[in-house]
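Here is a colleague's note to read beside the structure, written as numbered points. Please keep the sequence at hand while you go through them.

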Amino acid sequence: MCTQTRAAALMANIPRVDIDPSGVFKYVLIRVHSKEEGDDSEIDIVRGYAWAEYHADIYDKVSEELEKGGHLDCECVGGGRISHDPQAKKLHVYGYSIGFGRANHAVAAEKLKAQYPDYEVTWDNEGY
């Protein structure tokens, strides 16, 4: 008998990181929770795109997509910026979101390191 909830199964398939292939862009750290009773599982995901004028643009699009089936709930736990230089294989996480506050860049950096193991990933709390 499988005891995994639908929400846990959905979360297992959510990419932990989805960012633009290069450039400097806004990002948000999103905590995805199960809405199912007795399931307190959650994951943190990083989303960053140059098309977003505001951090909320990214959060609104991603949360709407993930919450569609009614099994998951999203919460933005902060934002900042990512500088992605694929030629130098470097990612730098910094800054903050006026609307959501500063994300825990250490958490975002760990997610990025897992996704880009051959990159130099750095972070700091400076800048906007």
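1. How many bridges join E2 to strand E3, and in which sense do they run? Eight bridges join E2 to E3 (residues 42-49), and the two strands run antiparallel; strands (E, at least two residues) and helices (H or I, at least four) are DSSP runs, numbered from the N terminus. Within this pairing, His33 stands opposite Glu42 of E3.

2. Please bear in mind that this is a predicted model, in which local features need pLDDT of at least 70 and side-chain atom pairs count only at pLDDT 80 or more, while totals for chains, interfaces and linings use all residues. Residues are numbered from 1 along each chain as its sequence is written, and side-chain values use heavy atoms, with hydrogens and water left out.

3. E2 also pairs with strand E4 (residues 72-85), in the antiparallel sense and over eleven bridges, where two strands pair if DSSP finds at least two bridges between them. Lys26 has Arg81 of E4 as its bridge partner.

4. Nine of the twelve residues of E2 (residues 23-34) are buried, so the strand is largely enclosed by the rest of the structure; buried means under 20% relative accessible area, exposed over 50%, and partly exposed in between (1.4 Å probe, protein chains only).

5. Arg31, Glu42 and Asp44 are linked in a network of salt bridges, each being a side-chain nitrogen of Lys or Arg within 4 Å of a carboxyl oxygen of Asp or Glu. The closest N and O atoms are 3.8 Å apart for Arg31 and Glu42, and 2.8 Å apart for Arg31 and Asp44. Arg31 lies in E2 and Asp44 in E3, so this pair ties together parts that are 13 residues apart in sequence.
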